[in-house]
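Okay, everyone, let's get going.

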Amino acid sequence: MTAGEQLDARHLTGEAFKSVFRRHPAGVAVIAMSHEGRPVGFTATSVISVSAEPPLLAFSLAATSSSAPAIAAVDTLTVSLLADHQDDVSARFATRGVDRFAAGGWFTLPTGEPVIEGAHSWIRARVLERTPVGGSFLISLLALQAEVRPDASPLVFVDRTYHRLGPETAI
């Protein structure tokens, strides 16, 4: 949809739309950055791969998020793709009004961005674009650095519940 186009008044309700995506499995990530000398982070299930050449990824963030001011200001951040045992980490970074970093379980890269310990992989990325879309922002990123733990399995979220994938679930 271009900026000049209007929304069709016959679109799905927010509840109907959410009911569709609740049944769609998503990987779980913690987006983290350093802003004004302190770590800022939140849980995201909207991380997508956009392109391999160049290596681009994106995620969405509600404009009302407490992390929105940090996202608007930083040049770089990390995306920690959580491992199957990190449902507690996901829940902590999704909780409003708490110090999400107080419980530990993270480290800082030499470049200053926080990374979640034990994640099955992480990506350090440069913010390329912050595009307003509806009541959210689509954040486009260029992957700069990454680390993968091939022995770890991803945490998956579907229908408001965490799930673990393993060899026995493969088809």
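The accessible surface of the chain comes to about 10200 Å², and carbon and sulfur atoms hold 57% of that. Those areas are Shrake-Rupley with a 1.4 Å probe, and for residues only the protein chains shown count as cover. Before I go on: this is a predicted model, so to speak in its terms, local features need pLDDT of at least 70 and side-chain atom pairs count only at pLDDT 80 or more, while totals for chains, interfaces and linings use all residues. Numbering runs from 1 along each chain as its sequence is written, and side-chain values use heavy atoms, with hydrogens and water left out.

Overall numbers next. Buried residues are 33% of the 171 in the chain; buried is under 20% relative accessible area, exposed is over 50%, and partly exposed is in between, with a 1.4 Å probe and protein chains only. The radius of gyration is 16 Å, which agrees with the value near 16 Å for a compact globule of 171 residues. That's over C-alpha atoms, and the globule rule is 2.2 Å times the number of residues to the power 0.38.

On to secondary structure: 3 helices and 12 strands. These are DSSP runs numbered from the N terminus, helices being H or I with at least four residues and strands E with at least two.

The buried residues themselves are Val89, Ser90, Arg92 and Phe93. They line one face of the helix, because seen down the axis of H3 they fall within an arc of 165°, taken from the directions from the helix axis to the C-beta atoms.

Last stop, Thr45, in the loop between E3 and E4. At 39% relative accessibility, Thr45 counts as partly exposed. Leaving aside neighbours within four places in sequence, Thr45 is in contact (heavy atoms within 4.5 Å) with Ala26, Gly27, Val28 and Phe157.
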